[in-house]
Structure formats: C-alpha cells, structure tokens
Amino acid sequence: MDIEVAEEREDGALVLLPVGRLDSANARAFEAIVMERVGAGEQRLVVDFSRLNFISSSGMRVLLLAAKQLQAKQGTLVLCSMQDHIQEVFQISGFDQIIPIRGSREAALAES
C-alpha cells in the first residue's frame, strides 16, 4: 500500500508531508521515498506531520533510519506540527531525544 507524501521546498530544505496513516502497511513505501531523497543528496529534511493522524513503530523506524543517514552526512532531520497524541508517542518512546521535534514548520526550518 502506498502513502501519499506531498513534497515542498522551503528555505533550501525539503519538506515532506505524509498524509493519513504511516504504519506497517505503507512504511516501506515511505522509507523508499525518504531514502531516495537522502541518497540523492538532500541535506536538510523536514517532515511536517500536520496531515498525519497516526504513526506506528514501523513509521518511526523509517524516521530513525533517515536521521542516522543524514547525521552521517552532516545533514539534519527535524519533525514538526505533530498532533498531541503523536507527539506523546515520540516522547514516551524517547524518540524526541534523538530527533528534534518543533511545534511549527517555521521553527523546524530555522533548526534544519
């Protein structure tokens, strides 16, 4: 199953906007998109969660892989605009200590 992911470029960063659910059914498709962009040389990646209403551990794993790949290339991954219930999952799991999470896209772009 595919996932809809809008792409925008802002302030020199690539902004990805996954839509709906990011779970085991479509995490591989999302991983392919993210890793293709990183492999193509993207250094600044922002994932805007404003259109995402659910993420599973499979989706979170993709973000961890992307963060590690970017870090190895001196790049950055910043997440933003999460709904409260999704942000709580990132906090409980400790992912917020690994990947920066900002309240707005503007704050994420300033950090990326």
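Let me start with a word we need: a residue is buried when its relative accessible area is under 20%. Keep that cut-off in mind. And remember that this is a predicted model.

Take arginine 37. Its relative accessibility is 19%, so arginine 37 counts as buried. Its side chain meets the side chain of glutamate 7 in a salt bridge, 2.5 Å from N to O. Where do the two partners sit? Glutamate 7 is in strand S1, and arginine 37 is in helix H1. They are 30 residues apart, so this pair links distant parts of the chain. Glutamate 7 is partly exposed, at 39%.

Next pair. Glutamate 42 and arginine 9 also join their side chains in a salt bridge, at 2.5 Å, N to O. Glutamate 42 lies in the loop between H1 and strand S4, while arginine 9 is in strand S1, 33 residues away. Glutamate 42 is buried, at 16%.

Third pair. Glutamate 31 forms a salt bridge with arginine 61, with 3.4 Å between the closest N and O atoms. This one links helix H1 to helix H2. Glutamate 31 is buried at 17%, whereas arginine 61 is partly exposed at 41%.

How many salt bridges are there in total? The count is nine. Some form a network, which links Glu8, Glu10, Asp48 and Arg105.

Last stop: serine 112. It sits in the segment after helix H4. Its relative accessible area is 15%, so serine 112 is buried. What does its side chain touch? It makes a polar contact with the side chain of arginine 44, at 2.9 Å. Beyond its sequence neighbours within four places, serine 112 has contacts including Ala13, Val46 and Thr76.

Key. Residues are numbered from 1 along each chain as its sequence is written. This is a predicted model: local features need pLDDT of at least 70, side-chain atom pairs count only at pLDDT 80 or more; totals for chains, interfaces and linings use all residues. Side-chain values use heavy atoms; hydrogens and water are left out. Helices (H or I, at least four residues) and strands (E, at least two) are DSSP runs, numbered from the N terminus. Buried means under 20% relative accessible area, exposed over 50%, partly exposed in between (1.4 Å probe, protein chains only). A polar contact is a pair of N or O atoms within 3.5 Å; within protein, one must be able to donate a hydrogen and the other to accept it, and residues adjacent in sequence count only if both atoms are side-chain atoms. Contact means heavy atoms within 4.5 Å. A salt bridge is a side-chain nitrogen of Lys or Arg within 4 Å of a carboxyl oxygen of Asp or Glu.
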